[in-house]
Amino acid sequence: MSHLHERTAFVTGGARGIGASTANVLHGAGMNVVIGDVLDGTQVADSLGSSARFEPLDVTDADSWRKALAQAENAFGPIDVLINNAGIVDFGGIESVTPARFRRVLDVNLMGTFLGIYCAADQLSRSGQGVVVNVSSTAGLLGYQGLASYVASKWGIRGLTKAAALDLSAKGIRVCSVHPGPIRTPMTEGIDDEVAANQPIARFGHPEEVAAMIRFIVTEATYCTGSEFIVDGGATTGIGLVETVADT
Ligand code: NAD
């Protein structure tokens, strides 16, 4: 769409993985990009050039959000795109996860997403074309054994997306969620390729494939808000029957 060169996107968790790829793709679409992360994202920002910068950000901390957003506004004017991508995973089922670990995952994934929208809403409203993309997961559409906190947080993000889409529509802000399946990033290091073997597209996805969907939501999906966009190689399409049953 037009006027991309005037836009500024803030990408959380942009120091690596899906966030770094998203920063790269949105920058390639002509936007100024601000990367916020607890890890150092200077290298990613520097590789994009002067219309990109890194700001230290802990998404669980409202003051950290306010500081990073103020720096972003000083540099480029009010942001009009927010990508809530920062997240952590913790393997543990209901009986093995501890309450403290459960709470930590909700704090980063769900509270972090809420605080981003809460603190950035004013900046996002100024252009009249604000967009928020919240990175959920297929774990926000299904349950997964042994991932209780992550599943709860990602369903929470999906619900928060609907609530925010309704609350912020009067300010012209669209809010959508993205639901990736298994993607090869540092988060999934050590997870076997076999995990994707039974999907219709039987491989891990690339971060760029999620970034391309996020770009579409931001730049093209102008009639979509509160919507869910699935990028999962067909993982949530259905349960494949074993061959002998399917053939009868
Ligand atoms: P990743 O671990 O490579 O990147 C996550 C980034 O978030 C890191 O740079 C990390 O430093 C940052 N982060 C973590 N806690 C933070 C905090 N408190 N404040 C600021 N930044 C913080 O993971 P990824 O695979 O790129 O995941 C990105 C998002 O995509 C996450 O929300 C994840 O849950 C989601 N996701 C990933 C997959 C997958 O298979 N990789 C699948 C579905 C959804």
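A polar contact here is a pair of N or O atoms within 3.5 Å; within protein, one must be able to donate a hydrogen and the other to accept it, and residues adjacent in sequence count only if both atoms are side-chain atoms. This is a predicted model, where local features need pLDDT of at least 70 and side-chain atom pairs count only at pLDDT 80 or more, while totals for chains, interfaces and linings use all residues. Residues are numbered from 1 along each chain as its sequence is written, and side-chain values use heavy atoms, with hydrogens and water left out.

View 1. Lys-154 puts a polar side-chain atom 2.9 Å from a ligand oxygen. For Thr-185, a polar side-chain atom sits 2.5 Å from an oxygen of the ligand. On its own the ligand exposes 830 Å², and the protein buries 95% of that (Shrake-Rupley areas, 1.4 Å probe).

**View 2. The shell around the ligand.** Count the residues with a heavy atom within 4 Å of the ligand and you get 28, with Arg-16, Asp-37, Asn-85, Tyr-150 and Thr-185 the closest. They split into 15 nonpolar, nine polar and four charged (Ala, Val, Leu, Ile, Met, Phe, Trp, Tyr, Cys and Pro are nonpolar; Asp, Glu, Lys and Arg charged; the others, Gly among them, polar).
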